[in-house]
Structure formats: C-alpha cells, structure tokens
Amino acid sequence: MADTVRVAVLYGFGINCDHETKAVFEMAGAEAERIHVNELVNGDKTLADYHIMAVPGGFSFGDHLGSGRLLGNRLRFGIRDMVQDFVKAGKLVIGICNGFQVLVKMGLLPGDEEVSLTQTASLTLNNTGHYEDRWVHLEFDPNSPCVWTRGLERIRVPVRHGEGKFVTTIDANLDQWAENGQLVVRYVDSNDAYPSAGDELLPFPICPNASMRNIAGVCDPTGRVFGLMPHPEANHSTWLGATWTREMPEHGEGEGMAIFHNAVNFAKENL
Amino acid sequence: MSGLPVHLIEVTPRELPGLQDTRGEGIRSMLSADHGLSVGKVRSITGYQVKSNLDSGELLQSLQDLFTDPIIELGVANKSFLDDNSLFPDQPELAIMVGFKPGVTDNAAQAALDGLLTLFPKQSNAQIATTMTYLFWDIPSGTDALWLANTLHNPMIERAAMANAEHCSNAVWPQLPFPERPVIAFAPPATIDLEVDDETLIKISEDGLLALNLEEMQAVQSHYRDPVTQATRETLGLPPAAPTDVELECLAQTWSEHCSHKIFAAKIHHVDTETGEDSEINSLFKTHIMQPTLDMQKRVDWLLSIFHDNSGVIEWTDDWSLCIKAETHNSPSALDPFGGAMTGIVGVNRDILGTGLGARPIANMDVFCFGPPDYDGDLPGGLFHPSRVLRGVHAGIRAGGNESGIPTVNGAIVFDDRYIGKPLVYAGTVGIMPRYLPDGRESHDKTSAAGDIVYMLGGRVGSDGIHGATFSSLELTEESPSSAVQIGDPITQKKMVDMVLEARDAGLIQVITDNGAGGLSSSVGELAELTGGAELDLGAVPLKQPGLSSWEILVSESQERMTVGVSEANIPAFEALAALHEVEATAVGVFTNSGAFIVKHGEATVAHLPMDFMHDGCPQLNLESEWKPPVHDNPNYPTVDESEMGKILQRILARPNVASKEWWVRQYDHEVIAQSVIKPFCGVNHDAPGDAAVIAPLHGDTRGAVVACGIVPRYSDIDAYAMTAASIDEAVRNAVCVGVDLDKIAGLDNFCWPDPIESEKTPDGRFKLAQLVRSNRALDDVCRAYNLPCISGKDSMKNDAKLDGKKISIPPTLLYTVLGDHQDVRKAVSSDFKDKGDAIYLLGETHQELGASELSYMLAEETGGGIGNDVPQIDTTRNLTLYRALTAAMDKGLVRSAHDCSDGGLATAVAECCFGCDGATTINLDALTTNGTDGWGILFGESLGRILVSVKPEHTSEFEAAMAGNALANIGMVGDKKTLKFTLDGKPILKANLSKLLASWKDTLNMGGGH
C-alpha cells in the first residue's frame, strides 16, 4: 500500500515524450520524476525507489540500427540487474512508442516468467515505409491480465511512428501470447461493433503499420509490464482529440488517461 | 589508428511471410512514382565498415547484440550475402552501393559506434562508416544504370559503386573503401597584403569566397592603414599593416549579407515612375520594420525582446514567455536537399535554444517553395528535378523535427517554375521559456559579465560548413563548394537541448547563443558586444580532425554547437551536467571588456579586431530603385456550362498550390509534447485542411497559442505591395479562423528576394529593389493597422541561380508568420463544416479581383492569355473590424466552423469545408454580386479579408447581430449531398461530384514511395 506512487520517467539520448509522460502520471495522482538513464547507470539513482518505470516515446539514438535497440542495450547491459529486480518485485513498467520498441528489443516484452531479457519479437518499418502521425482506434482484450488496461474497451489516440509493425517469426509464439492475454491492445475499425479485435490483418490506415494480428501493444505474462506503439499520453485532455471540435464534449480528461489511472491505482493498492 | 583492420558487416531483412524489405520496396515505388520506371524487385543490404581491433568473438557478439535484429534481420561479418545462393538464388541485374564521402556526417555510423562502446568500452579508437547496397531485378531494358545510380545518391556528399549485369553474373560486387579523412597539414595564418589596386582587392574577395564588394574591401584596407591600429598590432606580434587570413575571414563573415543584412540597411534612392515620387530611404529595416514595432511597443507591455536576440520574445502568461524565429536554408537545400533542410530546421531550433538564457523549442513551422513536382521542361545542368528536391527537403525536415521531438504544427508548400533554380526552405520554431528563473533573473535577458568563461558545447569543429554564410550571399553556380553542405545530427543536439535547459534552470548560464552562420566568429564576436570584448583560444577548440587552420576553426559552421558564457563559480556544476548528458563542453575563451575581439591559437595571437570596427565598420550600401508597374494581358475566360465549371474547380483543386499536402504532412510528428489542439487536419475523416495551429503547451491548462502563416508569391508578378499585404492578411486571417486573441499577436517577416542590386548580371536590379521597397511599405502599413509588431525576421537576398549560362530568379517572396495568444483553447474553431442544417456565411467583401489568382495562372497555362492586373487590394480597417467581431462571436460559442478564403477562391474554400463533413450542398451566390463581380470573380477571385463560417441554426440571429456592420452573406446550409452546386440568379453555374473533387485534391501530391 503506497501512500505516494512514485514514477521514474526515463529520458536522455533522444527520448522526447518525457515531459508529457511525467505530466499524465501527475494528473493521475502520482509523483513523477524525470530520470536520466545515466543517473541509473552511474548509481546516482536507483529504480528501487520507484513503483513505476516509464520509458517514453521519442527517437532514442535516432532509431539507427533499428528503433529502440541502442537504448535497449544501454539498459540491458548498463542496468540489467536493476531492471530485472524491479520487474521481479512486481513493479509496473510501461513503454510507449519508442519506449515500447526499447522494451521489445531488450526482451522485456512480450517477456517471460524468468525476466531473461531475451528478444522474441520485434518492431519493424511500417509497410508504408515511412513515419506517420495519425489517429487510430484501439481495442483492449478484456481477458488480459494487464493491470494497465483494466476496464478499457476502446480509445482513440494517435500513432506517431515509422517502425511500429509488430512481428515475430514463430507463429506459435503469437498463439501462446494470445492465449495468455498478452496481445492486450489491437487496432480496430471503429465502424465494427465492439468487440471486434481479430487476427486478420486490417487494411491501412485502420491498422497503420501492418502489424501481425493488428497488434498495437503487448504485456508480459504478469500483466505488469506493458508497452504499446500508440500514444495514450497524447490524449490526456478532451481538447487534444482529433475531432473534438465536431463533438462538443464536456471538457476534461482525455481517453488516454484511464491507462495511467489504472497503473497508479494498482500501485497504490498493491505496491 | 589507420593501422586498424576494417571489418565488413552486412545486414539484410529476412524474407518471411508477413515480412518485407521495406527499404527496397520504398526505392521501387519511388522509381515508379517519380520516374515511371517499373522495376520488378529491389532489395537492400545495410553495410557497416567497422574499423577496429575486435577479435572474432567480439565481432560475433556485436553482430548478434548490436548490428542485427535477431527476429527480422540476417547479418554476416566479413563475407557477402550476395555469394550466398540460398539467400539470393538469382543474381541481381544491378547492384549499387552508396556511402558517404569522407568527413560527411554519418549519423547511423555514430549511433553504431556508440552502441559498440556500450558493448566494448575499450574500443574507444574504433571508427565506423555505413553503406547501403540496393539490388535490382527485372529492370526495364534500356534503363541507364548510371542514371539510376545518380538517382540514388548525391555526389556532393556521397560516393557510389556499381556492379552491372556482367559484374553481377561474375559475382563481382560493388565495394567502397573506408571513407578516410584526408590528412590535412596545418597551415599557419597567412598575412593578406591589401596594399594592392582595386582590381586585386576584388580578386582577393572573389577567390576567397569572401563576398565583400570593393567599398567593403577598401574599408578593410583603410583600417590597416590607421597608425593606431598599426601600433596596437605591433605590440601583439601581428602584422601591423595587413590583416591575417583569420581577421579577413572573420570580417567577411560578420559583414556578409547573410549576417549583416546590408541591403535592408542600405541607403536607397527610390523613384516611382507612376506617381513621380523621388525619395531617399535610409534603411528599409529601420524605417519600415523596426520603427512600426517600436511605436507599438509604446502601447503594449508584452514585447519583451525584439530584434536583437536570436528570436523575438513576447510575454504570454504571467509565468511564461513565448519566442519565435524563422530562417531560410535555400542554398544548402539546393545542393543537398536532405542535409540542407535538416540543418535548416535544427539550426533554427538552436536559435530558440540560444534566446535569452535559453528557451525550449515547442513547435516547428516549415514552408517550402519548389518547382512543380511534375515539371517536364528543360532542367539546367547541376539542378535536381523538383520532385527530388521536394522528397529530399521533406525527408530532412521530417528527420530533423521528428528526431528532435519538436512537432511540426504549421506550414505550406508553394510551387512555381522559378523556384527550380533556387528552392526556398523556410524553417521556423516557436519556443517557450519561464518568465523568470528560480534565481529571479528574467530568462529573456542575457546577463554576461567580463570574466565569464566561453564554453563551446555540443558537436566538434570540422572542415564541413566552411563558408556557409558568405556562400549564401552569392549566386548559386556550378562551382558552389561542397564544404558548405552539412547533414544535421538531431540526437547530439537533443542531448545538448536537454542539458542546456537544465543548466538554465539551475542558474548556470550567463549568456548563450548558437553557432550558426559564421561559426565561432559570429557567436563569440556577437556576444562580445555585450561585455565589450572577448578572447578566444582556437587551440582549445575540439576538432573532428587535426590540421584545420586557424581561420577554418573560427568560421566553420559545423552543426550542433552552442556558445555559452558561464561564470567561474559555476564551472564545476556546468561541466558535471554536461558529463551526465554526454555532451562535450570545452572552455575556449573568456569574455572581456578590452574593446576588442582577440583570437589566439595556442600562444600566438592570430586576430585582433576592435569591436567597433568589426560591428560598425562595414560601409553602408547606396542603391538605386525604380518602380514601373508591369502590365499583363487579361486571362481568356472560356464559355462553360455548370458541369464544365465543375471540372474547372476540379482542376483548381488538383493544382499543386491548392492540392492536399496530407501525404507529406502526415509524415511530420505534429503532436509530440501532447499540446496539439487544432491540428494540420480536421474533419470527420481527418483529411480537411486546418487553417492555423492551436497549441496548449502547459499540460492540463487551457491557455493556448496560435501559429499561422501567409505566403502568396504569385501576386509579386503584379505588385509586391499587394503580395505583402495579402501574405500578412492571410496569416492574420488564418489565426482569426481558430479564434486568436487579436490583442496579442506578433509577427515574423521572412523575405526571400532575387538579387536587387543593379549590376551587369542583374540589369533589372532597380525594379527588383523597387519591389522590395513596395513590399516594405506594405509591411509597415498593414502591421501598423493590425497592431501586429514584427518581433523577428530574416532576409535572404540572393535567390538567383545561373546555370548553363541561364539566370533564374525567384519571384519576390515573403513568408509572414503570426504568433498569437489564445485565451481558452476549448473555444478554438476548426475549418470543417459540422452538422447538416448549420447556416453557411461568407464574411467580407468579394470584388472582381482575379489578377494573379490561381485561376488566372491556370487559364494562362491552358488557354494562353495573361494573368490580369486586378490583384486583390487590402482594406485593413474593414478587415480588422470584421476579424474582431468574428473572434468575439467565437468567444461566445456562436461559430461552428471558420475557414480562410484564399488560394482558389470561394469555390475552393467551400469544397474544403465540405470535405470536412463529407457532405456537399448548394451555395447561392446572389448576395455576392454587389461589387461588380461576375461568376468567375465570385467563385475563384481571391479578395482579401474573407472567411467562410458555419453557425448552428439556433444561433444565426445572435451571430448576425454580433457581426452587424460587417459584410456578411448567408449563402447556404451545410448538407449531406453528393453533388456540390453553386447557383447565381437562380441558375446553376457550377456542379461537381464531391468525391471526385476530393480525389483530385488528394491525388496530385500523393507521391507514393517510401524514401
């Protein structure tokens, strides 16, 4: 039972959504702090002091050698034990966009019980071949163990990436992850009635990157480590929606905030 | 180091179900889209040339953990995939390998090196270079392989090697050697003898790419004749009566048109043949830009920092200030579209970072002017086809903005044949800074003192980027130097931005500026004005390669560098912060009050320039201007029925200037920072055009800022006064459409002109200068009327190209950008029509003003005839009254949509609003004939001050009352029809299928290709 939920929002080396990621955790009632990756590597700070680690979006190392790989290596080789201890302690991790790429490339997602940091999936170039910023509809698996997405059905948020196509080379992996509820969030057609998430690849731009099985994000087997390509933190307020001027909403929190509330509430009650 | 072996690593995507070689596919589709060349298959192999003493075990580990993604890629070391029959059973028909030339920034290689050091920290002397190899199958016969290679690389910065069909069949694959930087022998400073005749003075300037004219060379000459100068120099061990090359280069940078804006500072003799005016203007800048703003500063309290810093600063809220700046990067973008544009955007980001004590860049604006992408006319040698310029510039802006985490919120792309010679690349940035720092200082003021240490921060100095400032002050020729071209490194810069802003908040910065044009000579030289001097040691400056001479280090424009003044007490904290962020920070000098800029290289003094001579010694230009209005033929208007008129609208919508830019704009991140309220696109399908950006940069807060722009170079063909008035009005109008607070709007003027100085090579210089005079007068008139102070700006005055003996000058072009306040973003308005039944109004007066309109240009191209002479005129009082009434109505929640009526006229604006709700309607034009207009004028005329709005039926009377006294016409209702109709006098005059209009609008610039 944490009175104050403390969030470590990593930054440095081209991460660039650190300020808004810090802001959404604060809006959700947590105490969030931007931590430079080197402060962890140098030992000036330790993840043990936090309940949640967030790896925000950005362009760490310019996406060279594959998005997320180089920052993933900095974490995998620089603070391997600290990350493994954090996850094994049942604490929460989120990777958004480039942060998701980092978690996948370092093997934390889809991950395994042992937290072995073995890469089993990847995120590669969108089939269009280029970066795009566009809004998508996401649908969540109600049977997932993911603590970040409890109670969510559908939300609208933007994708902003060039390498968001979730792939793996072993089909059985996908089946296993699906069975575990790890394929927690997928792109869907808003014209289809809820629930509609399916394995058959939806056309561009409904599935903006041709991800296998329309996967937008996954969690680890415990449901405490979660990552996704779209940006829930970019829809923190109603006035940031793509079509809000048509809808004349009652203004307040945006559709992306539920994810952060879930995590902060979970941490408050369980950590 | 040169003894280290080079290991070759190859990486290629796996071919499995659901996976593809997207890079290869991107090349294939680009060749098809841009060149109509249909190639069967393209594959790609990324190469890393790793120069290091890795042992075989380390090499294998680096292959697995660094270079190759184990899921989606295959990698090999020191052998070639192409020899592996299982991977490539069929030999390719052509293989082209591309790599960078020595010394060119290779960001992927830098990242790879960083990654290698993460794995093997002891490999600190390793070097890496990257290559990309493209393999082709099923190439149409007759395809010129050399042409294909040239399409895939830019010889200015890249090398290519090729294996043709015969090579491929013999398994002889392309190879490139490691790009070793040539060893440079250090040349000590030279003394330049200026006791020569005038002809030789000019030759010295031309041969040295100094871009100084005779009078300026003579001013330098006379400085060194001064006995006081000579006595001082003697004591310092400098040649007493002649400059060193270091001094001459430093003066050339400081006095360059690029840095000192000599044309805007010139004394102009202006004659108007129409009115008989014969007058003298002492500095267009002081008279028409600075004075109006200074006058306005007396009336408002929010103009915090204008004209003197890297960007203009306004107070936004009690706690935060905003700043804004736009630059052009035209010449570099002509030579290397990708690198030129990228350094343009990351360069202007540094202007923001270097404002006051440092501001955070939060929004980019990018406006381009290019030749038509489908241009099929003659292309002078040495020029890239406009489609390649467009792709390259766009990719550079995309990489620079996206990788820096700065959203691109606003922009435009304008097309005209005359930009083929010199594309214009305007890159602008908005920044935010706290009004006060924790230590109480106002963050927009620099607070340096003599004794502060000069730090160079960020990248190192290399031979790249030498003569950028003086080169951009010259015409583009075949001999343009490749050293003026650079590629940006956004990640190095991002690390520096993070570090600088933390240093600012910790109170560690006394003064900061960026290293842009002119490098250290400009940055330290300009900051030295604040304390009255500086001493710089070039020997302390970290270099990319040894051997650079003193003047090269001083003027090199190598990217990603800031110059920062730090007080001695703060040195440890400042250096510790730099180390944490892995940013190189080097003390290279000290600010003084000696009255001189002194440059040493180790022990030796290599330059001594008195501050007053350096900054005030450049003689004022005297220029001649003569206005004689051009006369154009009128367009030939065809006789058409309503369906044919519909086709005309369809063709207008398909014109590149009007067509949707969505395919390009979507590739910019416009939402990072999570502040984007009104986005580039709106509407039910997210594809209707936004007028201006609204951002809410304080997370959770509803206070906003508006960014809008206006640019209409077409009108310069009739009158640059009208062009300028229209550009400013368009920018303001766009801002009004989203609900800007008109009590706090500030402007940026960015002039791009052809050389307006009469000379042998510019016989029409007087006319071009008169265009500039008229443009400035319009700026003065309109900005005063709109209470719109210009807080920053820039001019680029040599936008001519001479290639194959043919001179191409751009049309005089002004980009006007407005930054405004928005009191409550929840009241912001978007352009898309909302609900069926909402009333549609056209606000503002429509006149018969088709001169230089998009329609006139189209008709001139299609049927001959001219562009007419009735260019839209401005009535600022009428417009401002209307704008104020409209924003007040928006504040009351009475307006459902608002869209600027400009390029392509009312018909275009209506179509775009209909795209937003995916429904067409019938528009009744009867109320718009009061000013002697005909159907052409009403449908396609571009009269200023007009806005198309929609209003809920229950709000119409309240809205009409709010707009009382302003021109307003109820012209229809929002509908859900498939056919868009316009009627006049009860008869349909235009009829078109909305989905066909949409397709035409979207298709023109949907270029395909993933490169």
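In this predicted model, K494(B) and D498(B) form a salt bridge (a side-chain nitrogen of Lys or Arg within 4 Å of a carboxyl oxygen of Asp or Glu), with the closest N and O atoms 3.2 Å apart. The two residues are separated by about one helical turn, because they stand 4 residues apart in helix α17 (residues 490-505) of chain B, where helices are DSSP runs of H or I with at least four residues and strands are runs of E with at least two, numbered from the N terminus. K494(B) is buried at a relative accessible area of 8%, and D498(B) is buried at 5%; buried means under 20% relative accessible area, exposed over 50%, and partly exposed in between (1.4 Å probe, protein chains only). Salt bridges with shared partners also join R655(B), R714(B), E854(B), E861(B), D903(B) and E942(B) into one network.

A salt bridge of 2.6 Å, N to O, connects the side chains of E247(B) and R233(B). E247(B) belongs to helix α9 (residues 245-254) of chain B and R233(B) to helix α8 (residues 227-236) of chain B, so this pair ties together parts that are 14 residues apart in sequence. Both E247(B) and R233(B) are buried.

The side chains of E277(B) and R777(B) meet in a salt bridge of 2.8 Å, N to O, linking distant parts of the chain, 500 residues apart: the loop between β7 (267-272) and β8 (278-282) of chain B holds E277(B), and helix α25 (residues 765-785) of chain B holds R777(B). E277(B) is partly exposed at 23% relative accessibility, and R777(B) is partly exposed at 22%. Over all chains, the count comes to 74 salt bridges.

Residues are numbered from 1 along each chain as its sequence is written, while chains are lettered from A and ligands numbered from 1 in the order in which they are written. Local features of this predicted model need pLDDT of at least 70 and side-chain atom pairs count only at pLDDT 80 or more, whereas totals for chains, interfaces and linings use all residues, and side-chain values use heavy atoms, with hydrogens and water left out.
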